[in-house]
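Thanks for coming. I'll take a few minutes on the charged pairs in this one, then turn to a loop and a surface patch.

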Amino acid sequence: MDLRVLYHPGVVVHGSRCDVKLPRRKPSPRRSAVRLVLLVVAAVALASCSSVLPQSSLNPKSVETQKIDELWRLVLGIATFIFVAVQLALVVSIVKWRSREGDDTEPRQIHGNTRLEIVWTLIPAVILAVVAVPTLRTLFELRAPAEGDVLRVKVTGHQWWWEFEYPDIVGPDGRPLVTANELHIPAGKTTELEMTSVDVIHSFWVPPLAGKRDLVPGRLTYLKLTPLESAAGEVIPGQCAEYCWLGHADMRFRVFVDAPADFDAWAAAQLEPAQVPTEGPAAAGFETFMGTCTACHQAKVANPDGTVEVVGTRIGPDLTHFGSRATLGAAILENTDEHLRAWIDDPSQLKAMAPELNDLQAGRVLGMPDYGLTPQQISELVALLQSWK
Ligand code: CUA
């Protein structure tokens, strides 16, 4: 049974178990119209309340999104013109040729008008052809491989975090710069992302800098970002835009658009190893780190004797410079001691994950488990990780 029939005022439905007698009350058309107008005005007003729109695609901050924005404005302009012209013609027709009181002559009956049909087929075809030229040009420009002085970054999607590797920024040990969930790129220069996934399809989306592009297991996809020089210093939030199960909504990241000198300084610091502490809570934290965290996490550490080694397994995010990151848990929380303590204590409390389904042998990881560490062990780990700037 169609419930809309039941709820229509004045309609009484017989012959079913749900006979309903509704009061016969005519809705006033004027009141309905006033309500509708108020609703639209409120919706428009409320939508413009926020001036903080970090993920607006209407605020382009890269060469690529400026091109997309120009195309969008052109198409919006043409579409607005057509909409207004059609609505005007419609209103004029309704008013001018409406049936009038006392005039019951039947209008002339017409079937088919070849000239009119040709015209209204040709006009849209011409408009679409005109729009197709800049559209295809923009598509090809965005798809073309990056040329010249390009920074390459390998992006790997994981359920539910992002790994960023800079293959051309390599330390003296031959190990490239690796980080997680926070992508640093220089302003005024093109970065080309080479993307793939280790599990399911994800999608890299940071609207002010680029369109969406999927990360597909077993395939490589590419995305160019050329932040404007004026965007230097900005931190732009991005997120996964392809449903990838439990933690999808919390598979976020941040793009730090750095001034070139700041980017170089950041990259140089990231290539340095983390110090193995020799005393205090951080030293005890390192014991726990080696005994527990290294099952999934990796870090490049400098031992007290000066030797540098990479410890752990590269399954989860690299933690070498965890303390230098602004966020944790794939950019869902600010990186504070308190948040880190809560995260280590029970990660699934803060983010939907399924660590009970982890199978390291099979390479399946669906989140960080609760290892049941004592509050003291957690505090020591926090001291260690936050010291690794
Ligand atoms: Cu990854 Cu949604």
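I'll start with a salt bridge between Lys189 and Asp149, whose closest N and O atoms are 3.4 Å apart. This pair links distant parts of the chain, 40 residues apart: Lys189 is in the loop between β4 and β5, and Asp149 is in the loop between α4 and β1. Lys189 counts as partly exposed because its relative accessibility is 25%, while Asp149, at 60%, is exposed. Keep in mind that this is a predicted model.

How many salt bridges does the structure hold? Eleven. Another one joins the side chains of Lys300 and Asp173, at 3.2 Å from N to O. Here the partners are 127 residues apart, with Lys300 in strand β12 and Asp173 in the loop between β2 and β3. Is Lys300 buried or exposed? Lys300 has a relative accessibility of 4%, so it counts as buried. Asp173 is partly exposed, at 42%.

Arg252 and Asp250 also meet through their side chains, 3.0 Å from N to O. Arg252 is partly exposed at 31%, and Asp250 is buried at 18%. Glu163, Glu165 and Arg314 are linked in a network of salt bridges.

Now the loop. Ser56 sits between α2 and α3 and is buried, at 17% relative accessibility. A polar atom of the Ser56 side chain lies 3.0 Å from the backbone nitrogen of Leu58. Beyond its neighbours within four places in sequence, Ser56 is in contact with Pro207 and Pro208.

Last, the patch. Leu36, Leu39, Val40 and Val44 form a nonpolar surface patch with about 410 Å² of accessible area together. Leu39, in helix α2, is exposed at 59%.

Notes:
Residues numbered from 1 in each chain as written. Predicted model: local features only at pLDDT ≥ 70, side-chain atom pairs only at ≥ 80, totals over all residues. Heavy atoms only, no water. Helix = DSSP H or I, 4+ residues; strand = E, 2+ residues; numbered from the N terminus. Buried < 20%, exposed > 50% of the residue type's maximum accessible area, 1.4 Å probe, protein only. Polar contact = N/O pair within 3.5 Å; in protein donor to acceptor, adjacent residues only side chain to side chain. Contact = heavy atoms within 4.5 Å. Patch = residues over 30% accessible without salt bridge, like charges linked within 9 Å, V, L, I, M, F, W, Y side chains within 5 Å. Areas by Shrake-Rupley, 256 points an atom, 1.4 Å probe, with all protein chains shown as cover. Salt bridge = Lys/Arg side-chain N within 4 Å of Asp/Glu carboxyl O.
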